[in-house]
Number of protein chains: 2
Amino acid sequence: MITETKLKPISVIIVEDFKLTRVGLRCALNANEDINVVAEAEDAVEGLKLIERHKPDVILMDLGLPGMNGIEAMVKCKEMNFNSKIIALTSHDRSEEVIASLTSGASAYCLKDIDPNKLADVVRDVNTGVCWIDPVVAQMTLNALPKIDNIGVLPDKSHSNGCVPLTEREFEVLKHLVSGKSNTEIAKELIVSVHTAKAHVCSILQKMCVNDRVQAAVKAVKEGMV
Amino acid sequence: MITETKLKPISVIIVEDFKLTRVGLRCALNANEDINVVAEAEDAVEGLKLIERHKPDVILMDLGLPGMNGIEAMVKCKEMNFNSKIIALTSHDRSEEVIASLTSGASAYCLKDIDPNKLADVVRDVNTGVCWIDPVVAQMTLNALPKIDNIGVLPDKSHSNGCVPLTEREFEVLKHLVSGKSNTEIAKELIVSVHTAKAHVCSILQKMCVNDRVQAAVKAVKEGMV
DNA sequence: ATGTCCATTAGACAAGTGGGTAATATTATT
DNA sequence: AATAATATTACCCACTTGTCTAATGGACAT
């Protein structure tokens, strides 16, 4: 059963300047038991405040906002470092806007004429980490990806990163490592001895199959495990 | 759920070498009234023949096929120019594999441990043109998108590297640094002494306003200067 | 020619790093 | 109750890193 029945509902914040659209979104989403719109904002500044206060699971962000636009807002939002997923919502289908959204923190890109039920599905998907892109702009987004030599990509040697998962603690250490902290600083942060920090770093390196912390940091950033 | 009322079902072809997985996929999908698995293949060559014959709406393509691999198969498939949507299916989460799939014609990337009901949803989504990417690899895919910060869409990030520009040589060193090389290795690569390499690294750190090479590497990756 | 910037080299030094090995406590799992 | 995994600490050792001062030659501009 994937029905999220008795779990706590997905909390959502809507940032959208048109009142009518805002009401529409709220109604469409609140019609679902597993989704709960906890707040709404009509501009980015207000939105960011609400996001900071509520730390929602999912943020519906209109791109065409007055004042600070949606993309700037998403950047600031990501800087706050909650784990909120962002759905970019717009009526345009400009290529740069799509790419800019997705590289600025959005996990999904929806056009406003999306079916309300479908939108609820997207909210659920995005909440689990899925990347979802509207049909109208999907192809152009895929075309923007850097081309890689297709042949030889599959040595099928299953290993790379996923094989040995990091423990929670190691993951915590990794985050500090990526932010450029030394072992001593990491130790201080986690309130453990330097020896412990070193031990964690050491096993992180081995599990990630890299030789030093720089490689670990780069790999972590590139693969989005931060 | 969105019940696709009495329209003709979505036709699907499965290309997968493991018989058991194949059966599992077929059962999981055929359990849905609006989805109809019309054919199955256990290798790419056979798969392409079936695809040509049936012109399915959606193709489930395993990447780790014997002989011609799934990515090659997708390229050939796209060359046939039917409008079939492709879902890449694999158990790996290697970054290059994901990108290669999506640039070779796939509209979706699923790991094999996906929930069967979810897979049916993905089939429906993809059939409408959506791009859908598994949570495990979503972030790394988004990170692979080209950064576009010179367009008016994005906030003016002059702080990034604009303060003090790196020289060509330093840039060269930075690239090696990001790839995880030690000063000794960088020196060997550039055919200079270790002292030189260290000197370059030192000025890179100062120009990038960071304290150590890890921070430099992370910043370089995040801001797309590599 | 003079000054400035860059690339190169060098020696020295304090601090940090990564690899060993090994021990103990806590926590799940069986 | 026994086992396994994880977190924690410690010590030692070779090596790396980042900063410092200092020197040399090339390029480019005023």
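This is a predicted model: local features need pLDDT of at least 70, side-chain atom pairs count only at pLDDT 80 or more; totals for chains, interfaces and linings use all residues.
**Helix pair α1(A) and α5(A)**

Helix α1 (residues 19-30) of chain A and helix α5 (residues 116-127) of chain A have axes that come within 9 Å and cross at roughly 70°. Angles of 65 to 115 degrees count as roughly perpendicular, and α1(A) and α5(A) are therefore roughly perpendicular to each other.

I then listed the residues in the contact. From α1(A) I noted A:Leu25, A:Ala28 and A:Leu29, which meet A:Pro116, A:Leu119, A:Ala120 and A:Val123 of α5(A). By class, the contact of α1(A) with α5(A) has 7 nonpolar residues, no polar and no charged.

**The sheet**

Next I traced the strand order. I found an open sheet of 12 strands with mixed pairing. The order runs β2(A)-β1(A)-β3(A)-β4(A)-β5(A)-β6(A)-β6(B)-β5(B)-β4(B)-β3(B)-β1(B)-β2(B). At the edges I found β2 (35-41) of chain A and β2 (35-41) of chain B; each has a single partner strand, so one side of each is left without a neighbour in the sheet.

Strand β6 (residues 131-133) of chain A pairs with strand β6 (residues 131-133) of chain B in the antiparallel sense, over 3 bridges. In this pairing I noted A:Trp132 opposite B:Trp132 in β6(B).

I followed this with the helices on the sheet. Helix α6 (residues 135-144) of chain A packs on the sheet and touches strands of both chains: β5 (106-111) and β6 of chain A, and β5 (106-111) and β6 of chain B. The direction of α6 of chain A makes about 115° with that of β6(A).

**DNA strand C**

I counted 16 residues around DNA strand C, of which A:Lys198, B:Arg169, B:Ser193, B:Thr196 and B:His200 come nearest. Of the atoms of DNA strand C that come within 4 Å of the protein, sugar and phosphate account for 68%.

Which element supplies the largest share of the surface near DNA strand C? I found that α9(B) does, with 5 residues. Both α9 (194-207) of chain A and α9 (194-207) of chain B supply at least two residues each. The classes here are 4 nonpolar, 7 polar and 5 charged residues.

A polar backbone atom of B:Ser193 is 2.7 Å from a phosphate oxygen of DNA strand C, and one of A:Asn183 is 3.1 Å from a phosphate oxygen of DNA strand C. On the base side, I noted a polar side-chain atom of B:His195 at 3.4 Å from a base nitrogen of DNA strand C.

**DNA strand D**

Around DNA strand D I counted 17 residues, with A:Arg169, A:Ser193, A:Thr196, A:His200 and B:Lys198 nearest. Sugar and phosphate make up 71% of the atoms of DNA strand D that come within 4 Å of the protein.

For this surface, the largest share comes from α9(A), with 5 residues. I recorded the classes near DNA strand D as 5 nonpolar, 7 polar and 5 charged.

A backbone N or O atom of A:Ser193 lies 2.6 Å from one, a side-chain N or O atom of A:His200 is 2.8 Å from one, and a backbone N or O atom of B:Arg213 lies 3.0 Å from one.

Definitions and conventions: Residues are numbered from 1 along each chain as its sequence is written. Chains are lettered from A and ligands numbered from 1 in the order in which they are written. Side-chain values use heavy atoms; hydrogens and water are left out. Two strands pair if DSSP finds at least two bridges between them. Helices (H or I, at least four residues) and strands (E, at least two) are DSSP runs, numbered from the N terminus. Contact means heavy atoms within 4.5 Å. Axes are lines fitted to C-alpha atoms, for helices over the stretch in contact, and angles run from 0 to 180 degrees between N-to-C directions. A residue is near a molecule or strand if one of its heavy atoms lies within 4 Å of it. A polar contact is a pair of N or O atoms within 3.5 Å; within protein, one must be able to donate a hydrogen and the other to accept it, and residues adjacent in sequence count only if both atoms are side-chain atoms. Ala, Val, Leu, Ile, Met, Phe, Trp, Tyr, Cys and Pro count as nonpolar, Asp, Glu, Lys and Arg as charged, and the others, Gly among them, as polar. Angles under 35 degrees count as roughly parallel, over 145 as roughly antiparallel, 65 to 115 as roughly perpendicular and the rest as oblique.
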